[in-house]
Amino acid sequence: MSLPQSVDILVVGAGPTGLCLALALQKHDCTAVLVVDSAEQGGNTSRAIAIHAATLEALDSMGCAEDVMKEARKMSAQATHSKRGTVETATFGPLAKYSKFPFVICIPQHVTERILGKIVQDRHIPVLRPHRATRVQPSAENPNLTDIIFEDGQVVRARVVVGADGSHSTVRESAKIGWADPDGELSDEEDNMPMQLVIADVTLENAPGWPLDKMNFAISTDNIFLLGALPGQPYPQIPAGQLVYRIATNVPASFGVPPHAPDTEYLQKILDAWGPKVTLGLDSPRIIIKQTAWSSRYRTRSSIADTFFARLPTGTHPDGTPLREGGPVVLVGDAAHIHPPIGGQGMNLGIRDAIKLAPALIEYLRTAPASPTTTRAQLDLVDAPLRQWAEERHERALAVIKFVKQMEGLMTLPNERRWLLGIVPYNPAWLRDVFMGIMCRFTWWRARTAWQVSGLGNP
């Protein structure tokens, strides 16, 4: 399908984040919006499965929450299981004081995307696929406008380009916006032994009798393993009535690099090594993967863009830094920030980024001059709403990355003897389990954890 020659806002990426931005813009009466994606409908992967209270509040503001919840499973709590016992670490019911969604919902990302895609279609917002953007550059006729060049040679001119095109964002790279771990940890290229995460949706024989309305984590001596029951029938190839589970775990470098799409045999090995069986005792039956519906692997890392808003470079300053006098570029979702999946924060933060971006984009379109000869002072004035949004969301993303790293560090403490001052022996994992076992007896503590992961304090 041919693309239009021009549009006010071009959103590159039709995942949940890009679709939510389009819906939010329409709510603000902006109709000159086009969403493009390089994948066919349904071609994006499953990955995220949790939608938290703050995100449900945001979806509800656009009339989407009920549609999503119809195909989701409500999760009341989060629990960890180890040889020392089971501890409920987060209880979501107390969030009823702050939200009408006092729970997490479990729903595969590809199902969420399908639901949002249907809503977008019903509301007559154009989403065109497959169209791969290969370059973003200032228009030669008017540098305040941006030309997006596609793989098939088509060109679309836009007043604003929004990159919702994932961690390997073409939009971000074209805008020459930096991308790094905020704490200076090694990047993918620099780290010779990166931690890999394997995730899969499978059916099981001898599944543990853990509650289906809880996110369950098995804690072993050197790893953590997620087991969560997915709702309904998310995959047509799985026979009706069979429960599909999401499994996920880190794979240390010593285990070798996982395949891109691990098969059932490989998944069985990691299930045996770190799955629920290690917490259930020798007498429990072996848990067997019967069928794999979908699987993937990716590196667990954190990165954040230097800024979520910038103008395209039109040249360079004498010191070599970009001279930014081109059209505006905005980054949302994984194009702006990524981090390990503990706590299920990534997609949630991206959706909230997008919905909060819409009013700033509307204000920019209202005030931005059409003239190609615009002074720096004029640009600074019309850019102010976008810059303010970018600064606020950058701060939010840094807070989430810090929180996720703290959670990951706590849940992966080594189960080994260490020495304090060289004379006092201690075991970090044992101390964690004892501390959590005591504190999680108190509802207020479990509610505190639920509040932290819900996003209500960091919307």
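The model is a predicted one, and every value below is computed from its coordinates.

**Strand pairings**

In one of them the strands follow the order S3-S7-S4 with antiparallel pairing, and its edges are formed by strand S3 (50-51) and strand S4 (73-75), each of which pairs on one side only. S4 is joined to strand S7 (residues 104-106) by three bridges, the two strands running antiparallel, and within this pairing Arg73 has Cys106 in S7 as its bridge partner.

In the other sheet the order is S12-S18-S21, again with antiparallel pairing, and the edge positions belong to strand S12 (179-180) and strand S21 (337-338), each pairing on one side only. Across S18 and S21 lies helix H9 (residues 376-411), which runs at about 175° to S18.

A further antiparallel pairing links strand S5 (residues 77-82) and strand S6 (residues 85-91) over six bridges. These strands, S5 and S6, form a hairpin with two residues between them, and Gln78 has Ala90 in S6 as its bridge partner.

| Strand pair | Bridges | Bridge partners |
|---|---|---|
| S4 and S7 | three bridges | Arg73 and Cys106 |
| S5 and S6 | six bridges | Gln78 and Ala90 |

**The cavity**

Rolling a probe the size of a water molecule over the atoms shows where empty space is left. The structure holds one cavity of 30 Å³ or more, and the largest cavity contains about 60 Å³ of space. Its lining is made up of Pro208, Trp210, Pro211, Leu212, Lys214, Asn216, Leu227, Gly228, Ala229 and Tyr245. By residue class, the lining of the largest cavity divides into seven nonpolar, two polar and one charged. Strand S14 (214-219) and strand S15 (224-229) each supply at least two residues of this lining, and the largest share, three residues, comes from S15.

**An aromatic pair**

Eight aromatic pairs are present in the structure. One of them is formed by Phe255 and Tyr266, whose rings are arranged edge-to-face, with 6.2 Å centre to centre and 75° between the planes. Phe255 belongs to the loop between strand S16 (245-251) and helix H6 (264-274), whereas Tyr266 belongs to helix H6, so the pair ties together parts that are eleven residues apart in sequence.

His124, which is placed in the loop between helix H4 (109-122) and S8, has a phi near 60°, a positive value in a residue other than glycine. The peptide bond that joins Arg129 and Pro130 is cis, with omega at about -20°, and Pro130 lies in the loop between strand S8 (127-128) and strand S9 (133-138).

How values were computed:
Residues are numbered from 1 along each chain as its sequence is written. This is a predicted model: local features need pLDDT of at least 70, side-chain atom pairs count only at pLDDT 80 or more; totals for chains, interfaces and linings use all residues. Side-chain values use heavy atoms; hydrogens and water are left out. Two strands pair if DSSP finds at least two bridges between them. Helices (H or I, at least four residues) and strands (E, at least two) are DSSP runs, numbered from the N terminus. Contact means heavy atoms within 4.5 Å. Axes are lines fitted to C-alpha atoms, for helices over the stretch in contact, and angles run from 0 to 180 degrees between N-to-C directions. On a 1 Å grid over the protein atoms alone, a cavity is a set of points where a 1.4 Å probe fits but cannot get out, and a pocket is an open set with protein on both sides within 12 Å along at least five of seven lines; lining residues have an atom within 4 Å of a point. Grid points are joined across faces, edges and corners, and a volume is the space filled by probe spheres set on the points. Ala, Val, Leu, Ile, Met, Phe, Trp, Tyr, Cys and Pro count as nonpolar, Asp, Glu, Lys and Arg as charged, and the others, Gly among them, as polar. Rings of Phe, Tyr and Trp (its six-membered ring) pair if their centres lie within 6.5 Å; planes under 30 degrees apart count as stacked, over 60 as edge-to-face and the rest as tilted.
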